[in-house]
Amino acid sequence: MLNIRCPYCEEDRPEIEFRNAGEAHIARPDEPDRVDDRQWADFLYTRDNPKGWHAERWRHVHGCGRFFNAVRHSVDDRILLTYKAGEPKPDIERMLREREA
Amino acid sequence: MSASYRISGGSALKRERTVRFRFDGRDYVGHQGDTLASALLANGVGLFGRSFKYHRPRGIVSAGAEEPNALVGAFGPTGGFTPNLRATQVELFDGLVAESQNRWPSLDFDVGAINNWLSPLFMAGFYYKTFMGPKAAGGNWVWRQLFEPAIRAAAGLGSPPTEPDPDRYASMFAYCDLLVIGGGAAGLAAAETAANSGAQVILCDEQAEFGGWLLSEAQAEIEGRAARDWAADVVARLRGRDNVQLLTRTQAFGYFPHDFVGLCETIEDAARCRNPALPRERLWQVRAGRVVVATGAIERPLVFVDNDRPGIMLAGAAQTYLQRWGVMPGRRIVLFTACDSAYPTALALAEAGGNVVELIDLRSNVAEALSAPLRARNIAVSVGAAVTGSRGGLRLNSVEIRSVDRNGQTGAMARQLACDTLLMSGGWTPSVHLHSQARGKVAWSEEAKAFLPVARAGGPISAGACAGKFGLRAAIRSGADAALAALGAPPTVDVTPAVAEPALDLTGMVGRVPFAGDPRRGKAFVDFQNDVSARDLLLANQEGMVSIEHVKRFTTTGMATDQGKTSNLNALAIVASNLGKPVPAVGLTTFRMPYTPVSFGSFAGIGRGDQFDPIRRTPIDGWAQAQGAVFEDVGTWKRARYFPKPGEDMHQAVARECRTVRQSVGMLDASTLGKIEVVGPDAAEFLERMYVNSWRKLAPGRCRYGIMLNEAGYVIDDGVIARVAPDRFHVTTTTGGAPRVLHMMEDYLQTEWPDLKVWLTSTTEQWAVIAVQGPKAREVLAPLIEGVDLAPKALSHMAYAEGRICGVKMKLFRVSFTGELGYEVNVPADYGRAVWEAIWEQVEKYGGCAYGTESLHVLRAEKGFIIVGQETDGTVTPDDVGLSWAFGKGKGDFVGKRSLSRTDLAAAGRPQMVGLLTDNPAIVLEEGAQIVAMVNAPIGTEALGHVTSAYYSSNAGRSIALALVADGRNRLGTKLHVPMPGGSVSVTLVEPVFVDPKGERVNG
Amino acid sequence: MVERRVEPSTATVGLMLPAFADVAALTQTERAERWTLRGPDAALDGLCAALGLARPQRLRATVAGSRAAFWLGPDEILALAELGAAPVDFGAGSDGAAVEVGDKFVGLDLAGRRADAVLASHCPQNLSLAAFPVGKVSRTLYAKVEIVLWRRGASSFRIEVVRSFAPYLVAALTAAAEDLAALDRR
Ligand SMILES: [Zn+2]
């Protein structure tokens, strides 16, 4: 069971208090009527599914109720960081380089 | 019966307490502290079971969790039966009943042993080849009916229990700074070091007492005391601290991400005999700040022909049986080793009075210091020699010995040496299972002849023998260092206690013992539990398998319940040798959890029977139960399905309930309906974006039927929404959809439209909901209500009002899911039952009834109202089910809107909801049945649609059905066919309304 | 004038925990008023003030007399008050929401020497006094149901649970207490 830091509760909490909500930073088009079928289909269905670092959404559904984002490694489950909904996607490569240094 | 192999000593035994037990129908006596294995060995029982594939007789090989052979089924103190237990881990209690497995009709005479003579049939890959099935064989009756069942019956391990598990299983979540897994020398040192620093420590060990190898040690002394006494001192000190949790009989079975470790604590059976209220096991889910793994090492068998005869045992196991349980393993003992540790074993057995005849050492160079003490005791030591075979029936009676030269060639001459016991040691394999489960890497060490854990920053730290630190002093030192490293403390001066121990080289043979002649002759077992021999591995390599993962699956080596604890490294080395590669080039198979099997009960815990899932009941549930209602599960809710009168079946009850509602009045417990209060200045705007309907212009005090889509444009929920105030809506959802809808609404609010000032609260359980439906509904309610004018003009269809009923605060909705005049009375849940009973008194005056979900379904189908999840299946648009009218005119964007213009959703010919009338009005169609254009359509005919709902309607006086049919609205009036096993049923497509097509009754 | 008047029936939560005197005792609390308060901090300040309470900080409760407010999330508070006090006026038109949920929840008091272990049996959070000190409140899980947990003392907790889940919760707490009673006496 993962140990996930909720950026709103500011505590590490057990995974079962959370629910995964898929890939992060997929914004709903502001004006859906103005995107073509291809773009709309991408918004609906196209996801990255990388082997490695992955920004994904979680909700602290059995805790504070907030949605937030986590950068998690899809192979070994390490979590690089969690951050609040609406905050920009972090520069993961840079963070890793800084961590190395 | 005399315990003929029991000698003095045995640190685990309470000699003064004898324990009676039964094995395979015979009664035996052991002592408190015995395991089933030690007690049976003490009683001279050497035969423990038959092997998996060849049904060869097998005895005890080990003294611990790694035991591949001695699997037994046993009845616990409360009568629960468990198969596939390792006799080495079953603790005796008075009255224990156990039985051997995989033999028929008895252990001594086993019919299945004929497999041993048919063994060419059962070579590697046999099962795969057989059950994949050659086409000819698969089609052959004799094969399917006769041979395959017989083979399946003969294979396999123990039988599952036939009775429900009578035991309780407890659970505990725990947090600690340091979890130490394994309570041997390294683990004890780690735990004490950490405890001294003030850290919260959990120390667990799978055995009944802490100490690990210290309990078996015969020579070494720590601080001038026997090793086991030093262990006892450490444990006593740890027990006295309140920052240490000690768990014996506790297996760390799985290492999960983020240092979450599953422990299974077994409660001592003897204690459960005294107190049957004790649980059988307790599942610990531990989140550890850091973890020290000190799981020791497992001795390897030596792979030679017929190395599986009862009487052949690991040398370390024999030393353990001697030291801990006072058992002498045989009358005439020979040792065969490739490793130093067998020498002290031979000495200990001889010192205890054992008849140790000879020690055979595969190695040519053996230090005089090792062999001299043996020779001094008249134990012959033959170096540069190997056991190359064995003889005997149900017990070993001799071994064949040949010389081995420095090139590994065996000599031509063989001699036979009589013995009933052969103790073997092929070196020690560090137990890297948990390190590996923690996604730690391992690396081959040529020096240790083993895969050793590679430390990873922040990961578990291995200490002691599992890290290749053999020897007590090295283990203690590495345990202490590991604890300091784990807690981030600086290394201290070496405070390791003074250890006096012989210097032993614990590496040794890895692979197959040198042999004479054809490698394919004879069975030199590698994996005892799955009956995989060296020649099976050779065959796999010859058939082209070069990856160890393929070899494993082809031969099943390492795939038994012991997961190859004693066999994996030997198998790897043999494959490497066959392929002419170094061992690390062959790779290593994955270590999977659990380390040893864990009972289902432990995982299920309290989650069984009524506690499997919450069973949710409404405030009115007790009344329905008292009335004899029949309930059905709707999600996790129990809902009254119908209320049969004496003598009525469901059909009759539902027919009466439906008639009564339309003729007079009926009441339904609708409390499970999902409710969300949507509040805030932007509430209308928010609903505008979440539902297909318009909300801005809905006046306070009015309701509207709302339809919710997902972004793909499909209907996912519906419900009536009332505007309570300009900034407050009372939203209802389907019973099953409530949490999902709230989750989705929160998602949009928090992540897409955080600027909207809207706040959501689930009120599903705040309000009990009583639907009162039928032409008499107004008369029923009027005498009970204050503050609301029920007159049709004052409170018309789809109106909302607040007032009081029976003095209780009430939200009143004039809504109808039946097509009749109807109301839904909402009162605080604690008043639900009392208000229900007050309304019921009124309903009875009008000859009304209570009705359940079945009638609810019929009544709405008579009107063609959909149920989300019945008429819809996640691929249905509002237009498909005839709900285009609900769309708000001139609306902006809403969830799912863009998808409705996708070509496939806008295309002609989509499935559309229609009504179906069967030619024969008595036939009720099957829900889910397919609909086709032709009578008696052949198999494979493409369906035009399917039946979504079908009932007998007492109000229509015939069967009715709803269906989704391609282009259905253009087919109204035509005939289609529903193929059924008894022949096609002809149906006519009609408008999906069967009662009151003009919809006038709702305004009554 | 309507003659018929009815009385409330308290939510029944099934078997109550027999007093395992040495483990923990479980009691159902009196009926109470409850509100879910939602909104930004400023709105929550006002809604709490209407109850005579200060707005609770993250993962904490505020108490005034027999009223209490629990922080559940950055924009969500669960407030409790005794029955029968003067009606609360939350005012209208604020940017927040106050929604009545008095009958949605059942309150349970769990207290006793091993109350923390009874909870830790099926609650996945760290309940040590260091990680979950007195005064802390958190929404979390107990076995398969969601609870609101408030630590009132080292060995004393208040649990709020949605009413239909209460029988399951009580059975699970009971089983945990029974197991601990037997295990402790080993
Ligand atoms: Zn949170």
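Biologist: Is Arg67(C) buried or exposed?

Modeller: Arg67(C) counts as buried, at 15% relative accessibility; buried means under 20% relative accessible area, exposed over 50%, and partly exposed in between (1.4 Å probe, protein chains only). The model is predicted, with local features needing pLDDT of at least 70 and side-chain atom pairs pLDDT 80 or more, while totals for chains, interfaces and linings use all residues; side-chain values use heavy atoms, without hydrogens or water. Residues are numbered from 1 along each chain as its sequence is written, and chains are lettered from A and ligands numbered from 1 in the order in which they are written.

Arg67(C) forms a salt bridge with Glu82(C), their closest N and O atoms being 3.9 Å apart. The term means a side-chain nitrogen of Lys or Arg within 4 Å of a carboxyl oxygen of Asp or Glu. This pair joins distant parts of the chain, 15 residues apart: Arg67(C) belongs to strand 4 (residues 67-73) and Glu82(C) to strand 5 (residues 76-82) of chain C. Strands (E, at least two residues) and helices (H or I, at least four) are DSSP runs, numbered from the N terminus. Glu82(C) is partly exposed, with a relative accessible area of 32%.

Another residue of chain C, Lys144(C), reaches across to chain B: its side chain meets that of Asp613(B) in a salt bridge (3.4 Å, N to O). Lys144(C) sits in the loop between strand 8 (137-142) and strand 9 (145-153) of chain C, and Asp613(B) in the loop between helix 18 (600-604) and helix 19 (621-626) of chain B. Lys144(C) is partly exposed at 43%, and Asp613(B) is partly exposed at 31%.

Across the interface of chain B and chain C, the rule finds eleven salt bridges. Among the salt bridges, Arg168(B) and Asp179(C) meet at 2.7 Å, N to O. The contact (heavy atoms within 4.5 Å) takes 58 residues from chain B and 54 residues from chain C. About 4,500 Å² is buried between the two chains, with carbon and sulfur atoms giving 54%; buried area is the accessible area (1.4 Å probe) that two parts lose on being put together, summed over both.

Over all chains, a search of the whole structure finds 84 salt bridges. One within chain A pairs Asp42(A) with Arg38(A) (3.1 Å, N to O). Both lie in helix 1 (residues 37-45) of chain A, four residues apart, about one turn of the helix.
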